[in-house]
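Thanks for coming. I have one chain to go through, and I will start from the record and end with two residues.

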Amino acid sequence: YVRFHLISPLIQQSAENIVLFDTFVNILSHNLGEPAYEADVAQLEYKLVAGEHGLVIRVKGFNHKLPLLFQLIIDYLSDFSFTPAVFEMITEQLKKTYFNILIKPETLAKDVRLLILEHGRWSMIDKYQTLMNGLSIESLSAFVKAFKSQLFVEGLVQGNFTS
């Protein structure tokens, strides 16, 4: 089991940055779908989670091939690229996801409660409005470059691994 949290202060600076981060993580997951398929067949699991303060990378499975899967994820992260078609597809999916959160009273109530309790939190309405106003491909590219230049990493490795 390997878990790394890539933390960046850049994410919480604006609602636009949070939306760009969500877009980035979804495109990265989309890009990994085909190359990581063989790892899935070999009973290795991975998950990319867009946390509030950074990207959580979790991989688990048999230890002899786990570093290869982790390296594949890191390679796709470091050489991040996307097409305009993928960008449009992911932003449309995010619009639906954000809207579905807004129409459910329990999730909207949780968001409002956290907005009251946490200083510097951006509401789901702010994120949805930012996405509806439109994102540019250039802003995503600039965000990803800045994100990768301002990272702090926490990691946990458990299991049959040598130091």
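Which residues does UniProt list for "domain: Peptidase M16 middle/third"? The unreviewed entry gives residues 1-129; UniProt positions are in the numbering used here, feature names are shortened, and annotations may be inferred rather than shown by experiment.

Some conventions. This is a predicted model, where local features need pLDDT of at least 70 and side-chain atom pairs count only at pLDDT 80 or more, while totals for chains, interfaces and linings use all residues. Residues are numbered from 1 along each chain as its sequence is written, and side-chain values use heavy atoms, with hydrogens and water left out.

Over residues 1-129 the chain is 57% helix and 15% strand, and the end C-alpha atoms sit 38 Å apart. The protein chain has 7 helices and 4 strands, in the order β-α-α-β-β-α-α-α-α-α-β from the N terminus. Helices (H or I, at least four residues) and strands (E, at least two) are DSSP runs, numbered from the N terminus. The radius of gyration of the protein chain is 17 Å, close to the 15 Å from the globule rule for 163 residues, so the chain is as compact as a globular protein of that length. That radius is taken over C-alpha atoms, and the rule is 2.2 Å times the number of residues to the power 0.38. Along the principal axes, the C-alpha atoms fill a box of roughly 45 × 35 × 30 Å.

Buried residues make up 35% of the 163; buried means under 20% relative accessible area, exposed over 50%, and partly exposed in between, with a 1.4 Å probe and protein chains only. Of the contacts (heavy atoms within 4.5 Å) with a separation of 6 or more, 75% are between residues 24 or more positions apart.

Now Val-2, in strand β1 (residues 2-7). Is Val-2 buried or exposed? At 7% relative accessibility, Val-2 counts as buried. Leaving aside neighbours within four places in sequence, Val-2 is in contact with residues including Ile-57, Arg-58, Leu-66, Phe-70, Leu-156 and Phe-161. The C-alpha atoms of Val-2 and Arg-58 are separated by 5.7 Å, with the two residues 56 apart along the chain.

The other residue is Gln-43, in the loop between α2 (37-41) and β2 (45-50). Gln-43 is not a glycine, yet has a positive phi of about 65 degrees. At 55% relative accessibility, Gln-43 counts as exposed.

That is the end of the talk.
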